[in-house]
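User: Please take a close look at one part of this model, the packing of a helix against its neighbours, and describe the geometry and the residues involved.

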Amino acid sequence: MTSEKNKAILSNRFYIEALLNVNGFRVENIVSDQNTYDNHNSYHNPAHMWSVAERCLNNPLTASFPKNEIICLLLAALYHDAGYDKDKTETENLDTAVFVFGQSSAYYLLDYADNKLIRDLIYATDNRKIGKLGSMEEYKTLKSILKDADVCQTLGEDGELWRNLLSEEMDMDIDIQSTKEWLSSFEMLTDAGQQMKDDFMSID
């Protein structure tokens with residue numbers, strides 16, 4: 001029997017797929033892009049990108065934006081680690097993700113402003129700038145939602161699985177204590193992200 005958690009996950013993904021499909025963005029093309037450039041990483045892979053998109057969707061702030069910006073946020077989440085290679089620099093990986101999106105069918109369905117927004121959102125996931133955004137940053141809230149959704153991957157109910165996958169990919173030990181120490185080094189940017197952090201930090 002499908003658990004309530006799995007039902008929620010399936011519902012989230014179904015909603016994202018339906019929202020994209022009904023607005024002309026063929027999900028099978030997005031999945032094809034993810035798989036074509038997938039380097040078979042344990043952590044930075046299509047499953048991670050879909051998980052980030054789901055957390056973006058579930059952040060209460062997201063509902064306050066117009067539909068086109070929500071779609072841009074979800075597309076940025078679904079492409080932000082496309083082609084990720086652990087042996088490349090963060091700059092190279094971000095450039096690759098933007099390149100993959102630029103080759104996608106979705107790119108040609110959007111106008112210049114929306115494509116620029118998606119590109120900027122992808123670059124905002126720079127892991128050298130976790131918890132940081134300039135006070136005058138354009139689209140600051142959308143970037144905050146995406147950045148928090150990205151860094152919260154290892155904090156949820158399935159966090160142990162993702163910590164193990166990240167440990168495998170990065171060839172280092174990532175456990176609850178080391179994750180807490182990492183979380184202590186920066187602030188979350190949204191209330192939803194902060195709640196996930198607070199819940200994780202309360203684990204004995």
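Analyst: The crossing of H5 and H6 is right-handed, and in this predicted model the two helices, H5 spanning residues 90-102, pack at an angle of about 155° with their axes 9 Å apart. Because angles over 145 degrees count as roughly antiparallel, H5 is roughly antiparallel to H6. On the H5 side the contact is made by Leu94, Asp95, Ala97, Val98 and Phe101, and these meet Asn115, Ile118, Arg119, Ile122 and Tyr123 of H6. Sorted by class, the residues of this contact between H5 and H6 comprise seven nonpolar, one polar and two charged.

H6, which covers residues 112-124, also packs with H7, residues 140-151, and here the axes come within 9 Å and cross at roughly 45°. That angle makes H6 oblique to H7, and the crossing in which H6 passes H7 is right-handed. H6 contributes Leu117, Asp120, Leu121 and Ala124 to this contact, while H7 contributes Leu142, Lys143, Leu146 and Lys147. By class, the contact of H6 with H7 holds five nonpolar and three charged residues, with no polar ones.

Key:
Residues are numbered from 1 along each chain as its sequence is written. This is a predicted model: local features need pLDDT of at least 70, side-chain atom pairs count only at pLDDT 80 or more; totals for chains, interfaces and linings use all residues. Side-chain values use heavy atoms; hydrogens and water are left out. Axes are lines fitted to C-alpha atoms, for helices over the stretch in contact, and angles run from 0 to 180 degrees between N-to-C directions. Helices (H or I, at least four residues) and strands (E, at least two) are DSSP runs, numbered from the N terminus. Angles under 35 degrees count as roughly parallel, over 145 as roughly antiparallel, 65 to 115 as roughly perpendicular and the rest as oblique. A crossing is left-handed if the near helix is turned anticlockwise from the far one by less than a right angle, and right-handed if clockwise. Contact means heavy atoms within 4.5 Å. Ala, Val, Leu, Ile, Met, Phe, Trp, Tyr, Cys and Pro count as nonpolar, Asp, Glu, Lys and Arg as charged, and the others, Gly among them, as polar.
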